[in-house]
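Thank you all for coming. Please take a moment with the sequence and the model as they come up, and then I will go through a few places one by one.

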Amino acid sequence: MSELLAWWEAGETVGVGTVVATFQSAPRPAGASMLVGPDDSAVGSVSGGCVEGAVYELAQEVVASGDPVLERYGVSDDDAFAVGLTCGGILDVFVEKVSRETFPELGEIAADVAAGRPVALATVIEHPDPTRLGRRLVVRPEGAGEVVPGSSAGESTDREQEVRGLSRSLGSDRADDAVRDDALGLLAAGHNATLTYGPDGERRGEGMRVFVWAFAPKPRMLVFGAIDFAAAVARVGSFLGYHVTVCDARPVFATDSRFPEADEVVVDWPHRYLKAEVEAGRIDQRTVLAVLTHDPKFDVPLLEVALRLPEDRRPAYVGAMGSRRTHDDRLVRLAEAGLTEKEIDLLSSPIGLDLGARTPEETAISIAAEIVALQWGGSGDRLGTREGRIHH
């Protein structure tokens, strides 16, 4: 976003192509974007190289005409789409003109993202009424208000309501309300998605498609146990885009110098720290926990808290390190603590996939591989031994 914001602040006009939907083995996820700058430079990617040239040319045309376009790129055959993808996937790319005039909300959205405040941008990418294409709704949680054309950060709620009444963001209050509710759900999950409605926002209907780009704060990775494996896990977690916290009750080991890749290092009893984070609302369904202490006085109280969390605060992953003997002993202790079989089944233990890992770095890759596989429904099998689609 930094390049786009710099051009926007300078009053320049930029062509922006964004992947809004993918099918089959598409190379880039929804939300991937490519910019065509005022100097004709290209920044970013929508396909890893397959259709960049076509999107580049289309972006130049859209900047010249001012009319946004939704284009599909897919497999070349007798019913060929605009450009073939060598991977066999299909991409829907929405291309629009971005400037201070067409996108006055961009500055405030960028400020939210930079400050780590959650914000979602909903854009109409398909509609039977061409005048609605490209209309936007900015959604913030807990009624923080939407930025609408003509409003600014300093205006009051009354003024926002007045402006909204004069210029409906997506064309009607009904459409705004439906999209706002769904965008809040996507924002909580940290997912981008294209949603389908009737032309006026009807829940049951077709005609209007809206792409929701959810700018949520980084998901959290909590690593418990200030050991050498934790340093490697923190490094990989940071690489994957997590906000990484390392926690240990022993101050001599839990130091910033031992964990330079972590965003924060906390000296506290693991179970007490996790409970406090839950109560503060800082644990959600995107959070992952790696319990590396393999010491019952630390990990059993911690897992009691983690595995009993309500569904809306339940981490996406709870993994615990240890040998088979440690694992079996841990299961007995958790059962003795009163955890149900269903709660214990939420635990990934021994932690990680079977990669034959030996070193801390290899073990960290094993843990990261299990997290990614569970997130996307992967099997962990070698792709070369499988048939069918690569991506689920």
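Predicted model: local features only at pLDDT ≥ 70, side-chain atom pairs only at ≥ 80, totals over all residues.

Let me begin in a loop: Pro 350 is found between strand E15 (347-348) and helix H11 (360-376), where helices (H or I, at least four residues) and strands (E, at least two) are DSSP runs, numbered from the N terminus. The peptide bond that leads from Ser 349 into Pro 350 is cis, with omega near -5°.

Residues are numbered from 1 along each chain as its sequence is written, and side-chain values use heavy atoms, with hydrogens and water left out.

Now the overall picture. The protein chain has 11 helices and 15 strands, and of its 392 residues, 44% are buried, where buried means under 20% relative accessible area, exposed means over 50%, and partly exposed is in between, with a 1.4 Å probe and protein chains only. If we take the contacts in the chain with a separation of 6 or more, 59% of them are accounted for by residues 24 or more positions apart, contact meaning heavy atoms within 4.5 Å.

Which residues have the most contacts inside the largest nonpolar core? They are Met 221, Val 223, Val 233, Phe 259 and Leu 292, in a core of 27 residues; a nonpolar core here is a set of buried Ala, Val, Leu, Ile, Met, Phe, Trp, Tyr and Cys residues joined through side-chain atoms within 4.5 Å. Strand E10 (220-224), helix H6 (228-239), strand E11 (243-248), strand E13 (288-291) and helix H11 each supply at least two residues of this core, and the largest share, six residues, comes from H6. To look at one member, Val 223 is in contact with Ala 230, Val 233, Val 244, Thr 245, Val 246, Cys 247, Ala 290 and Leu 292, if we leave aside its neighbours within four places in sequence. There is also a second, separate core of 22 residues, which includes Cys 247, Val 266, Leu 303 and Ala 320. As general background, nonpolar side chains in soluble globular proteins tend to be buried together.

The axes of helix H8 (residues 296-307) and helix H9 (residues 324-336) come within 10 Å and cross at roughly 55°, where axes are lines fitted to C-alpha atoms, for helices over the stretch in contact, and angles run from 0 to 180 degrees between N-to-C directions. That angle makes H8 oblique to H9, on a scale where angles under 35 degrees count as roughly parallel, over 145 as roughly antiparallel, 65 to 115 as roughly perpendicular and the rest as oblique.

Finally, a few more loops. His 294 is found in the loop between E13 and H8, and its phi is near 35°, a positive value in a residue other than glycine; His 294 is partly exposed, with a relative accessible area of 39%. Asp 40, in the loop between strand E2 (33-36) and strand E3 (42-44), likewise has a positive phi, near 70°, and is partly exposed at 45%. Gly 116 lies in the loop between helix H3 (106-115) and strand E6 (119-126), and its C-alpha atom is separated by 5.1 Å from that of Pro 217, although the two residues are 101 residues apart along the chain.
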